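Have the viewer open and click through the residues as you read.

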Amino acid sequence: MAFEPNPPVDPVPPGHAGASRAPAGVPRHVAMIMDGNGRWAASRRLPRSAGHRAGIRPVRMSVEECARRGVEVLTLFAFSSENWRRPPQEVGFLMQLFLEATEREVEELSRNGVELRFVGGRGALAEELQLR
């Protein structure tokens, strides 16, 4: 017997202030955990930093595709409290990568009607990132 999930139900009636603006069949919110860049690099005998840098492209593609399809919210889980246990050089590289990506992408995201929000604890981040 094949499992057939129930069709998604929007608990908010159409036209209500909280109703989804996403097209039918498109989720309102998509969340992604950014993981595996270091393993990807290791499998190619590259430094972990190369994997982190290569991870930027799929993120950009995901943002563009979600915008194209009408997804209202995309959450990217990019840096967990566990990541602080990585070697200081790798953490520093990731912080610099985040800073470069935000400097490069924020203006275009804004022009395209995409709002960027950081969630979670930011106190340990570099001051430049906290101000974003």
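Predicted model: local features only at pLDDT ≥ 70, side-chain atom pairs only at ≥ 80, totals over all residues.

How many salt bridges does the count come to?

1. The count comes to 10 salt bridges, where a salt bridge is a side-chain nitrogen of Lys or Arg within 4 Å of a carboxyl oxygen of Asp or Glu. Residues are numbered from 1 along each chain as its sequence is written, and side-chain values use heavy atoms, with hydrogens and water left out.

2. Start with Glu90, whose side chain meets that of Arg48 in a salt bridge, 2.9 Å from N to O. This pair links distant parts of the chain: Glu90 sits in helix α4 (residues 88-111) and Arg48 in helix α2 (residues 48-54), 42 residues apart. Helices here are DSSP runs (H or I, at least four residues), numbered from the N terminus.

3. Stay with Glu90 for a moment, because its side chain also meets that of Arg86 in a salt bridge, at 3.0 Å from N to O. Is Glu90 buried or exposed? Glu90 counts as buried, at 12% relative accessibility; buried means under 20% relative accessible area, exposed over 50%, and partly exposed in between (1.4 Å probe, protein chains only).

4. Now jump to helix α3 (residues 56-69), where Glu64 and Arg60 are 4 residues apart, which means about one helical turn separates them. They form a salt bridge too, with the closest N and O atoms 2.3 Å apart. Glu64 is partly exposed at 44%, and Arg60 is also partly exposed, at 27%. Salt bridges that share partners join Arg60, Glu64, Arg104 and Glu105 into one network.

5. Last stop: Thr102, back in helix α4. Thr102 is buried, with a relative accessible area of 8%. What lies 2.9 Å from a polar atom of the side chain of Thr102? That would be the backbone oxygen of Leu99.

Key:
Helix = DSSP H or I, 4+ residues; strand = E, 2+ residues; numbered from the N terminus. Polar contact = N/O pair within 3.5 Å; in protein donor to acceptor, adjacent residues only side chain to side chain.
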